[in-house]
Amino acid sequence: MRLEQLPIILGVLVALIGLTIALDAWQAGGVAPLRERRRRTRAVPQKAGQTLVALGTLCMAAALIGRDTWRWATISVLAGSGLLIIGAIMNRQYLKEVLLFRGATRRGVGETNSRLNQTPTKPTRIR
């Protein structure tokens, strides 16, 4: 494999990621838990925002596949960047929840609410 083929392979992988995002955006139902365990309601991603992110990703993949010889690579990168930014702004509530409300912040404060480090209050009786 020559080094010049690396951007093409990377572009194909980025295109598959973009197609996966588009499929997720236009699927009828998402994967939801059987029983809701959260105190707050889950943020729902917008289909239009996810579609714009998918199109932006596909534009970036086209620029990678086209390499330096493609005439429209700069326009593709600029359009892809714009679509990614607009899609992220449209889904800012969903991204905020996914990136910031993780782990211990959702359940309580750090080690005080962890069941792994707590000693039981009364001993277990086994007869």
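This is a predicted model: local features need pLDDT of at least 70, side-chain atom pairs count only at pLDDT 80 or more; totals for chains, interfaces and linings use all residues.
**Whole chain.** Start with the protein chain in cartoon view. It holds 5 helices and 0 strands, and from the N terminus on the elements run α-α-α-α-α. Switch to a surface view next. The accessible surface of the protein chain comes to about 10600 Å², and carbon and sulfur atoms account for 63% of that area. Of the 127 residues, 17% count as buried. Among contacts in the protein chain with a separation of 6 or more, 73% are between residues 24 or more positions apart.

**Helices H2 and H3.** Now select residues 47-66, which are helix H2, and residues 73-90, which are helix H3. How do their axes cross? They come within 7 Å and cross at roughly 160°. An angle over 145 degrees counts as roughly antiparallel, so H2 is roughly antiparallel to H3. The crossing of the two helices is left-handed.

**The contact between them.** Show side chains on the H2 side: Ala48, Gly49, Leu52, Val53, Leu55, Gly56, Thr57, Cys59, Met60, Ala62 and Ala63. These meet Ala73, Ser76, Val77, Gly80, Ser81, Leu83, Leu84, Ile86, Gly87, Ala88 and Met90 in H3. Then color the selection by residue class. The contact of H2 with H3 has 15 nonpolar residues, 7 polar ones and no charged ones. Gly49 and Gly56 in H2, and Gly80 and Gly87 in H3, are among the residues that meet here; Gly counts as polar in this tally.

Key:
Residues are numbered from 1 along each chain as its sequence is written. Side-chain values use heavy atoms; hydrogens and water are left out. Axes are lines fitted to C-alpha atoms, for helices over the stretch in contact, and angles run from 0 to 180 degrees between N-to-C directions. Helices (H or I, at least four residues) and strands (E, at least two) are DSSP runs, numbered from the N terminus. Angles under 35 degrees count as roughly parallel, over 145 as roughly antiparallel, 65 to 115 as roughly perpendicular and the rest as oblique. A crossing is left-handed if the near helix is turned anticlockwise from the far one by less than a right angle, and right-handed if clockwise. Contact means heavy atoms within 4.5 Å. Buried means under 20% relative accessible area, exposed over 50%, partly exposed in between (1.4 Å probe, protein chains only). Accessible areas come from the Shrake-Rupley method with a 1.4 Å probe; for residues, only the protein chains shown count as cover.
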